[in-house]
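Subject: Model handover and notes

Hi,

Here is the structure I promised to pass on. Could you open it alongside these notes and have a look at the helix packing and the cores?

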Amino acid sequence: RRLQSAHESRSVEDMRFTIPSHLTPEWRKHFIRYDALKRMVYAIVEDASDEGSLLDADESSHVRSRQLLEDKFFEELQCQLDGMNSFYSAREETLAHELHERKEEVEVLRATLSNPRTKNSRSTRRRKSSLKNAISEYYYHLTLLQNFQQLNYTGYRKILKKFDKVARSTRGKTYLKETVATSSFYASNRVNLLIEEAERTMIEDLEDGNRSKAMNTLRVPPLDDRGMSSPCTVYFTGLLMGGVALSLVVLTVAAALRPRDSWGENNSAMIRGLRAVFLLALWMFAFAANTYVWRRAGVNNVLIFEFNPRDNLSFVDLFLIGSVIAVVWLIGVYLYVFSYWLGIPDYVGPVVMYALVLGLFLLPVPLYFSSRLWTAKELARIFVPVFPVSFADFWIADQLTSLATIFLDVEFFWCYIFYGLQHPENAVHDCGSVVYVLRVLLAAFPNWCRFAQCINRYVDTREAMPHLVNAGKYSTGFFVVGFSALASGLKDSDAERQSMGYYAAFVLWVVSAIVSSCYSFSWDIRQDWGLFEDKYKLRKELIYPKKIYYSLAIIEDLIFRSLWTLNISVGEAGTKILANDILGTVLACMEVFRRFVWNFFRLENEHLNNCGKFRTVRDIAVYPLDPKELGNQELGAEPPMLENIERQRQMPLVLSDVHLSLVDTARRRLQVHHVQPTVEEVEETEESEI
């Protein structure tokens, strides 16, 4: 009966206590391993269920066996508790040092504000803003540590209560009271004092006593989307998406009723002009779905993208933005389809559509202003790749490689507007011709951005693998575009009179496309997704629940990788079918879908393994521990402080401008206090002791 009761309570207990899955591995590995402890408790239950079937001669051996299981359980508890205490103490000490540094900077700011000459200067305002950001990030990590404290104690309390229940003892209650409750990670009240001091500093020194404003600045919302989207946002999102679906039906009927001879000869330019914004809306909906799944599965996209944890878009917000873009696209399509009855030129609809898109992005209103500003800055960093590369930089540049059709469609449409309307007889041919060099450059531009980022990262890290190898992957795109353009330029209108140069260029284009597809597919699987690691069929840790998802994603990526090279080929080398705009649209949508699937597993791998090594740039432990804590170390032994610093390097600490100014100081401190002695110094020390 005890065994049956324990099994029935498993699902209920699982709902009551779970470790947050959005935690980075550097934090998660220090939390209580609740599932492992629960399995040990169930092993004791199953062992106890066999007690009634034992003979008297076997009873003593059974008691010893059960005692061994219980001792092993408490040994595992103590082992986890020791690691937890070490992690907590090191983290707490680091945060205490950081608060001391922050208060010193506040004192400097206070002196500056007391001076009438510097009180309202630009540098003073910037320093105050930087200090607010630093205190906000500091407060965020204090709340993480406080949650670490409370959640682990809850885990110990629940697992020990479960143990006492199934073992019919009070050993767990005693252990909780005498060992867990007195351990440093729970008994310490220092983190609460640090939180109070941080709040006092923000209220009194940085917000002029305005407690409400200060707490709104410090408050950190939960990672999930509960409460992050207002009912008004949800309502308008549903309203717009429903309107888009209904409008598509109306457009289909209207297009079927319009006479065929009324469409004109510029259909190709209009379709390509409208397709660009359609692909943008489609990608935005895909990104919203990505965000929803990441947050449900526990992938910490806020940390990975370095978003502000207090101000970032939820998946509902992204769906709303996608719906607005879709509505703008529908306005252009409506004007284009109904131009026959309205008596206006066909190109009016797409022109109005582009004007609305540009206006919505540049509109100086507070509606998603910070997000639009962030996007503009990221695009500037990508288009001028001379800045240090962050995860968001390379991720957005990867998205642009899948949206290369947008660049070509925008160029084609505006070429038609400014050139084709004056030369309608050759407009479609001339604007799509590779002789127009800008089209070739635009086709290669997204790959060039990623190529430059890889070179930039190699210069910063001096690591040929993966950065130079990854740059080689993107360089294959140059050959695909180049040979495609060459074949298109050499192609004769008469299929029976093709030159040998055309056939050579066409073969080289096909070979380069195959090499690029194979190169990119293998990189997706092994590097970007981190699958098929040594000793593991897929990966050591998986976030998504079913392995079939990974298998389907691999098959999908293999198929779709064989199609994306056709999508960016300039001039559609050698095949008449690719001149079909409908097929071009289908291929572009398939590439957006491939990138949509790729995003799931790329962020999963980054969340679990920090494979891009972007978090190590941000997670520097700025403040070393007191050198007096080193104690008496044996010659050549690594000081404990360095172990603490190494652990702290893996903790998510976002560096503000104020933090960054202290990095060099911290490094100098490390060099001063912890330079290992050379062999000659050791020998001199031994001789002096003798």
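First, a word on how the helix geometry is defined: axes are lines fitted to C-alpha atoms, for helices over the stretch in contact, and angles run from 0 to 180 degrees between N-to-C directions. Helices are DSSP runs (H or I, at least four residues), numbered from the N terminus. Please keep in mind that this is a predicted model, where local features need pLDDT of at least 70 and side-chain atom pairs count only at pLDDT 80 or more, while totals for chains, interfaces and linings use all residues. Residues are numbered from 1 along each chain as its sequence is written, and side-chain values use heavy atoms, with hydrogens and water left out.

Now to helices 9 and 10. Helix 9 (residues 190–206) packs against helix 10 (residues 211–218) at an angle of about 130°, and their axes lie 9 Å apart. Helix 9 is therefore oblique to helix 10; angles under 35 degrees count as roughly parallel, over 145 as roughly antiparallel, 65 to 115 as roughly perpendicular and the rest as oblique. On the helix 9 side the contact (heavy atoms within 4.5 Å) is made by E199, M202 and I203, and on the helix 10 side by R211, A214, M215, T217 and L218.

Y139 and L218 are 79 residues apart in sequence, yet 6.6 Å apart in space, C-alpha to C-alpha. At 9% relative accessibility, Y139 counts as buried (under 20% relative accessible area, with a 1.4 Å probe and protein chains only).

Helix 6 has another partner to look at, helix 7 (residues 171–180): their axes come within 7 Å and cross at roughly 155°. That makes helix 6 roughly antiparallel to helix 7. Among the residues in this contact are Y153, L160 and F163 of helix 6 and Y175, L176 and V180 of helix 7.

Finally, the cores, meaning sets of buried Ala, Val, Leu, Ile, Met, Phe, Trp, Tyr and Cys residues joined through side-chain atoms within 4.5 Å. The largest nonpolar core has 78 residues, and W294, W395, W529, F601 and L603 have the most contacts inside it. Apart from it lies another core, of 50 residues, including V45, F74, L160 and F185.

Best wishes

How values were computed: Helix = DSSP H or I, 4+ residues; strand = E, 2+ residues; numbered from the N terminus.
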